[in-house]
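Reader: I want to go through the contacts in this model with you. Can we start with the charged pairs and then move on?

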Amino acid sequence: MVSIRAPQILCFALLTVILLSFNGVNNGLDLWPMPKSVNYGSNTIYLNKNLNLKIGGGNYSDDSGILKEAFDRMVQLIEADHIIETNLQNYVNILAGINILVHSSIDSINYGIDESYNVYVPENGNPIYAHIEAQTIFGALHGLETFSQLCNFNFTTKIVELHSAPWAIYDLPRFPYRGLLIDTSRHFLPVPTIKSVIDSMTYSKLNVLHWHLVDDQSFPMEIPSYPKLWSGAYSYSERYTINDAIDIVKYAERRGVNVLAEIDVPGHTLSWGVGYPSLWPSKSCKEPLDVSNEFVFQVIDGILSDFSKVFKFKFVHLGGDEVNTSCWTTTPRIKKWLNKHQMNESDAYQYFVLRAQQIAISHGYNIINWEETFTNFGNKLSPKTVVHNWFRGDAAQKAVEAGLRCIVSNQGYWYLDHVGATWQDFYMYEPLNNISKPEQQKLVLGGEVCMWGENIDTSDIQQTIWPRAAAAAERLWTPYEKLAKDPKEVTERLAHFRCLLNQRGVAAAPLAGLGRQVPSEPGSCLRQ
């Protein structure tokens, strides 16, 4: 356990009560993901209907209102739309509120920010206040989520209760990058749907929304520098304005979630040419983007320039996967250009990716590329490259051996559109497989579950994501030594979390069966 800058909180706990330590995988606790350190007692306290928030003792003033908004959301979650009894005259040990201490004044999120937190809930006092302490506001947000999972509505007394007090929890993530990909090209997702996904991510402490904005099928995003690009949208109404994107990013950031924007180049770009046909090699051979055309790189520069004003995350994703270069050699004009520059198809693929990387770097970004770029010319990639593994099982291992950073999304385990993959598969996949050297393990930034959109839309996205994404979320958050060695050990706890998601309005599917499974028969949520 690390040192605490406000020792009066935890010292008081240690002096007034002997806490029971939790060292096992479950032991009756229903927290998800499991924190690094949990200590608890055996008493019940009762939450005042008008729970009070106190902010003080640190450098954070909450002028932006992030903390107050998060507190209000938490109260709504724990009350769960029940009518709460307000008369507590016959009760003792009433929790009056939460005192939150945040040391840093920073309220802007980005990669690598401190997400650690402490939660302490005493069993008595006059009045009783729970305490959350964090280095940053974003750690405090995680603390509020954990606190919310300690609370239960009593259907007899109509009061929200907190059992097993006193509580002392210390927590921090195992990996700094814990992502979920959504795909708005294969099926358009309305803004409220995207926001609902962001909300659900925070419940299991995922912190990166990877927004695969455009692809072959549609180009729904407004690009002010090149306004005809969104002519490639499915329809007039299936689009995002630049203000929509700004709104989504702000919504996510105020909840502790970064938004990673992706344009996948040079392949996966058929829709780009609807508005600007000159981006295609020819009218009969339409992708990848025309490597010989300077206008292509001007458009990429314009897109990334517009992105830099909206997407403030340290990284941008440039794709680079599944590139069929045959159009470059079968189009006479491009073939002539290749010969002039003494390039073959592979050389041109490398040239395109590296030039796109330099454009992104010029706009202040670090770059993420799918693993094919590393497989084909890894020694040529910018040192600012993060290799995104999805296909080969050894790609992450080879990337870090080469000194590059890596994100893991192995399709055999962490692709949510693979509905044949069970939550057990998601839980047991280890991002550091065959990576044993500490200096190489540090190059694995984390992992990401991918919700590709070919067969999902607003009607079924949440039950396809959850609860399987939560299984991966614990793998990415919880210390390795506290992870279950057999998924059976966490089945009951994940079932409880799935029911909690349902209670919060998230259409998480049953655990039993494959991904996106419907209930097989009548029964309790906890047994499905």
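Reader: What does aspartate 215 form a salt bridge with?

Author: Aspartate 215 forms a salt bridge with arginine 186, and the closest N and O atoms are 3.4 Å apart. A salt bridge here is a side-chain nitrogen of Lys or Arg within 4 Å of a carboxyl oxygen of Asp or Glu. The pair links distant parts of the chain, 29 residues apart. Aspartate 215 is in the loop between strand S9 (208-212) and helix H5 (242-253). Arginine 186 is in the loop between strand S8 (177-183) and helix H4 (191-203).

Reader: What are the ground rules for these values?

Author: This is a predicted model, where local features need pLDDT of at least 70, side-chain atom pairs count only at pLDDT 80 or more, and totals for chains, interfaces and linings use all residues. Residues are numbered from 1 along each chain as its sequence is written, and side-chain values use heavy atoms, with hydrogens and water left out.

Reader: And how are H and S elements assigned?

Author: They are DSSP runs, numbered from the N terminus: helices are H or I with at least four residues, strands are E with at least two.

Reader: Back to the pair. Are aspartate 215 and arginine 186 buried or exposed?

Author: Both aspartate 215 and arginine 186 are buried. Buried means under 20% relative accessible area, exposed means over 50%, and partly exposed is in between (1.4 Å probe, protein chains only). Arginine 186 counts as buried because its relative accessibility is 11%.

Reader: Why would such side chains pair at all?

Author: Side chains of opposite charge can pair when their charged atoms come close.

Reader: Which side chain does glutamate 454 meet in a salt bridge?

Author: That of arginine 186, at 3.7 Å, N to O. The two are 268 residues apart, with glutamate 454 in the loop between strand S15 (444-451) and helix H16 (461-465). Glutamate 454 is partly exposed, with a relative accessible area of 36%.

Reader: Which residues are linked in that network?

Author: Asp183, Arg186, Asp215 and Glu454 are linked in a network of salt bridges.

Reader: How many salt bridges does the structure hold?

Author: The structure holds 18. Among them is the pair of aspartate 290 and arginine 333, at 2.6 Å, N to O. Aspartate 290 sits in the loop between H6 and H7, arginine 333 in helix H9 (residues 332-340), 43 residues apart.

Reader: Is aspartate 290 buried or exposed? What about arginine 333?

Author: Aspartate 290 counts as buried, at 1% relative accessibility. Arginine 333 counts as partly exposed, at 43%.

Reader: New topic. How many disulfides does a search of the whole structure find?

Author: The search finds 2. A disulfide is a pair of cysteine sulfur atoms within 2.5 Å. One of them joins cysteine 285 to cysteine 327, S to S 1.7 Å. Cysteine 285 is in the loop between helix H6 (272-275) and helix H7 (294-308), and cysteine 327 is in helix H8 (residues 326-330), 42 residues apart.

Reader: Which cysteine is joined to cysteine 499?

Author: Cysteine 525, S to S 2.0 Å. Cysteine 499 lies in helix H18 (residues 491-503) and cysteine 525 in the segment after H18, so the pair ties together parts 26 residues apart in sequence. The torsion is about -120 degrees, so this disulfide is left-handed. Cysteine 499 is buried at 14%, whereas cysteine 525 is partly exposed at 23%.

Reader: Last one, strands. How many residues of strand S3 are buried?

Author: 7 of the 9 residues of strand S3 (residues 94-102) are buried, so S3 is largely enclosed by the rest of the structure. Strand S2 (residues 37-55) pairs with S3 in the parallel sense over 6 bridges. Strands pair if DSSP finds at least two bridges between them. S3 also runs parallel to strand S5 (residues 128-134), joined by 7 bridges. There, isoleucine 100 has isoleucine 132 in S5 as its bridge partner.
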